[in-house]
Amino acid sequence: MATFSELVKNFNKIRDYMRDFYIYGFKSRADFSRKSLRTYDNEKRRIEGYLGEYMKWSYAKGGKKIFISLDSSKISQNPLYAAWKSKSFTSNDIELHFYLLDVLSKGQRLPVSALTEIISRKSAKTFDVQTIRLKCIEYAHEGILVSEKSGNTLLYSVSTCYFSALSNAFPRLLDSIKFFQETAPFGEVGNYILDNEDEKNDAFSFKHHYIVHTLEDLVLFDILQSIRKNCGIQFENYSERTQATTFYEGIPLKIFVSVITGRRYVCIYTAKRSRFTCFRLDYVKAVKCLALCTDAESLRDQLERNLGKVWGVGFGRISRNEILSMKLSIDEERDSYMIERINREGRGGKLEKLDTNLFLYTKECFDASEMAPWIKTFIGRIVALECSNHKIVDRFYEDVKQMYNMYCEEG
C-alpha cells in the first residue's frame, strides 16, 4: 500500500484542491467526486501540513465545510508559499543534492566523469554517469551549478551567490524584498531569498493582501513569457459555474488586476471570434506556447485604444457600445467630496452640473452591467438612471426593490 507523503508531484493538483475546497468552494468531503475519498483525505492532510493554524471549519446541511481563515494584516508572509516548497523527490535525488554540493563546495570545476567517481566513492554506492549528468544539467538549468566548456569537456562548478555582495552594497535591499515578496507577482521568489538569508518579514503588514495569487503564478509566468515573445497560447479554462473545462487559443496581450476583488485576468485576442476576451487566471491551467504572431504589436495598440471603453474586463457581447447616464443629487457645500470621488473613480466618464446640487454622470462603455456595483454605492443620491441597455436599469430597480422588501417593514 502506498504511504502518505506531504510532497507534491503536480502543483496544478494541489492548486485545484486549495482553490475548490478551501478558498472558493466551501465544499465538504461528500462533494468530492474526482477520485476516491482516500485521495481527498490525503490532499486534506497535505494542505493541513501547510496551513494547519489557518484552517477552520463549520457544520452546515451538506456536512463539515473546511476553509482557510486568516487576518492578512497580522501575517508576516503568505502561508501558501509552503506549497511551492514541497516538490517530490527520490532517495537518489536527495543524496545527489548533498553529494554534488559537497564535492563542488571548495570551488572545483569538474567533469561529469570525475564527479561520478568521487560521489560513488563517498557514498559507497554505484551511480551511473548518465544519472549524474542529468542531475548536473537540471541544476545548471536551475542556476545551482554553472557549466563551462574546456576544450571538448563540460566542467561543472557551484554557482556564485551574488546576493550577499548585493545586500552589502545596498543595505536596504532585504527590506525591499520583504515588501515585494507580499505585493508583487512571483513573491515566492523573494520568500526563497529570505529563507536562504535566514530572514523574516518583520517590517511590513498589509491591509489588502491577496495571498491566493501565488497559486496562479506558474500560469502567469507562462503567459508573460508568451507576451514577451509575441506568441499565441493554448490553455484550459475551467468554469466554476458550468463545472466544464474548455480549450482556447489566442494571442495574450495584457494582464489585468481588479482593484476591487484583487482577481487577475489575462486579456487575449481570439482570431476565431475576432474579439478581445478576458479570462480569470485562477481558472486557467496547462498553458502552451504556440507560434509567433506577427500582428501582436498592432493588436496591442488596438487594445489600448479600446481600454477607455472598458469598465472592468468585459468587452461586451454586441457590436454597439452602451451609454449609461446617472442623475445625482449632491450637496455641493457639505458633500463636495462626492464630486471628487466621481472624478477619481469615474474611469473617463463625464460629470456635468445641471443645476444647483444636481449633476449628471455619463459613461460610454462596452458592458455597462459591470458598473452596477459602483452605481449602487450612490443609492440615496440617484435621481434618475438611464441606459441604452434597458435590462441594466430594470435589474438595478429590481435589486433595490428586493433590498427594500428584505430590510424595510411597512408602517
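Glu-138 and Lys-135 join their side chains in a salt bridge, 3.2 Å from N to O. A salt bridge here is a side-chain nitrogen of Lys or Arg within 4 Å of a carboxyl oxygen of Asp or Glu. Both residues sit in helix α5, three residues apart, so about one helical turn separates them. Lys-135 is buried at 7% relative accessible area, while Glu-138 is partly exposed at 35%. Buried means under 20% relative accessible area, exposed over 50%, and partly exposed in between (1.4 Å probe, protein chains only). Helices (H or I, at least four residues) and strands (E, at least two) are DSSP runs, numbered from the N terminus.

This is a predicted model: local features need pLDDT of at least 70, side-chain atom pairs count only at pLDDT 80 or more, and totals for chains, interfaces and linings use all residues. Residues are numbered from 1 along each chain as its sequence is written, and side-chain values use heavy atoms, leaving out hydrogens and water.

The count of salt bridges is 24.

| Pair | N to O distance |
|---|---|
| Glu-138 and Lys-135 | 3.2 Å |
| Glu-95 and Lys-125 | 2.8 Å |
| Arg-264 and Glu-216 | 3.0 Å |

Arg-264 lies in strand β7 (residues 264-270) and Glu-216 in the loop between α8 and α9 (217-229), so this pair ties together parts 48 residues apart in sequence. Arg-264 is buried at 5%. Glu-216 is buried too, at 3%.

Glu-188 belongs to helix α8 (residues 187-196). Glu-188 is buried but has no salt bridge; Arg-264, the nearest side chain of opposite charge, is 7.5 Å away. Lys and Arg count as positive, Asp and Glu as negative; His and the chain ends are not counted.
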